[in-house]
Amino acid sequence: MTALPTLREQLDAHGLAAKKSFGQHFLLDLNVTRKIVRLAGPFEGRAVIEVGPGPGGLTRALLESDAGRVVLVEKDPRFVPLLAELDDGSGRLTIVEGDALNVREDRLVEGPAHLVSNLPYNVGTALLIKWLTGPWLPHALTLMFQKEVAERIVAAPGDDAYGRLAVISQAVCEARLVMHLPAAAFTPPPKVASAVVHLIPRADRPERTLLKALERVTAAAFGQRRKMLRSSLKQLGGADLCESAGISPEDRAEVIDLDGFLRLARASIGAEAPTKPAEVGAALTRRKRS
Ligand code: SAM
């Protein structure tokens, strides 16, 4: 690694400038990328998938770590030759040119793998929902989002940011905000600050049917968050549903904790026609900023 040119030199040598359409804001300070990788690890020989490596600041730190393999998924083909310069020929690095929204992660790695990414902000929430609700769940996820999205993921009942993203994220994972980064840490700087969230899948996460029910209940409850649950959940059973879940029908969505939403979701199962699997992610991503 010491013989490598700096990230800036590599970008210049390849004539690469950031493209807005790919959400490109680069971390060129290896002290920062090493810190993110320390927060993400230890990997203990497991594989790491990095989405959107760009010029490879995080990739370099991952290659210095105890990751068994590092698999990159980059949509912008201009970066592939630059990233190939990080390959020491050991077979530890794999570069996949493609869209992470369409990639089948289970075909890239065997066994449990970590996900580490400074996410493109325009698809960050969609990717998170893909990983939380899809068939392939990582061993752990360490993801950079714009600060407001990070806050929505870790929000607690009563917080302004508390909503469906918090409930779904926290139903599947323990989620912690582990690092803040100002816009000036990126090249070019985005308009907003960023934050890193570390998510670890819970052993008691809901199975697919319950997760879908949770999505239906949170969509209805937070879709009309100022209304009492007996009104906002009318289509799902209203006051009767609340009472069978041990929730006051006069409460509003913003005060119901994860356990309360899980009770509502369980009580709702069977009360509604089944939802198609894709609707879980679609409903959540429709509300995202990005
Ligand atoms: N990891 C680099 C860093 O920290 O400097 C770059 C981060 S930049 C915010 C986001 C990266 O994701 C860019 O390299 C961009 O080309 C890539 N990207 C954007 N959309 C993508 C997608 N759908 N799938 C894979 N990569 C994507």
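Okay, let's start with a proline: Pro188 sits in the loop between β6 (173–181) and β7 (194–201). Helices and strands here are DSSP runs, at least four residues of H or I for a helix and at least two of E for a strand, numbered from the N terminus.

Before I go on, the ground rules. This is a predicted model, so local features need pLDDT of at least 70 and side-chain atom pairs count only at pLDDT 80 or more, while totals for chains, interfaces and linings use all residues. Residues are numbered from 1 along each chain as its sequence is written, and side-chain values use heavy atoms, with hydrogens and water left out.

Back to the backbone. There's a cis bond from Gly41 to Pro42 too, with omega near 0°. Pro42 is in the loop between α2 (30–40) and β1 (47–51). Glu44 is also in the loop between α2 and β1, and Glu44 has a positive phi of about 50° without being a glycine. As a reminder, most residues other than glycine have a negative phi, and most peptide bonds are trans.

Now the overall layout. We have domain 1 (7–201) and domain 2 (208–271), with bounds from an automatic or database domain assignment. Their C-alpha centres lie 33 Å apart. The contact (heavy atoms within 4.5 Å) takes 14 residues from domain 1 and 15 residues from domain 2.

How much area do domain 1 and domain 2 bury between them? About 1,100 Å², 67% of it on carbon and sulfur atoms. That's the accessible area, with a 1.4 Å probe, that the two parts lose on being put together, summed over both. On the domain 1 side, Tyr162, Arg164 and Val167 lose the most, together 47% of what that side buries.

Arg164 turns up again in a salt bridge with Glu215, the closest N and O atoms being 3.5 Å apart. The count between the two domains is 1 salt bridge, meaning a side-chain nitrogen of Lys or Arg within 4 Å of a carboxyl oxygen of Asp or Glu. Across this interface there are also 4 residue pairs in polar contact, both residues at pLDDT 80 or more. For that we need a pair of N or O atoms within 3.5 Å; within protein, one must be able to donate a hydrogen and the other to accept it, and residues adjacent in sequence count only if both atoms are side-chain atoms.

Which elements give two or more residues to the domain 1 side? They're α5 (124–133) and α7 (164–172), and the largest share, 6 residues, comes from α7.

Finally, the ligand. There are 20 residues around it, the closest being Leu27, Gly52, Glu74, Asp99 and Asn118; to be near, a residue needs a heavy atom within 4 Å. A polar side-chain atom of Glu74 comes to 2.6 Å from a ligand oxygen. The side chain of Gln24 has an N or O atom 2.8 Å from an oxygen of the ligand, and for Gly54 a backbone N or O atom lies 3.3 Å from a ligand oxygen.

Beyond its neighbours within four places in sequence, Gly23 is in contact with Pro120 and Asn122. Gly23 and Val123 are 100 residues apart in sequence, but 8.6 Å apart in space, C-alpha to C-alpha.
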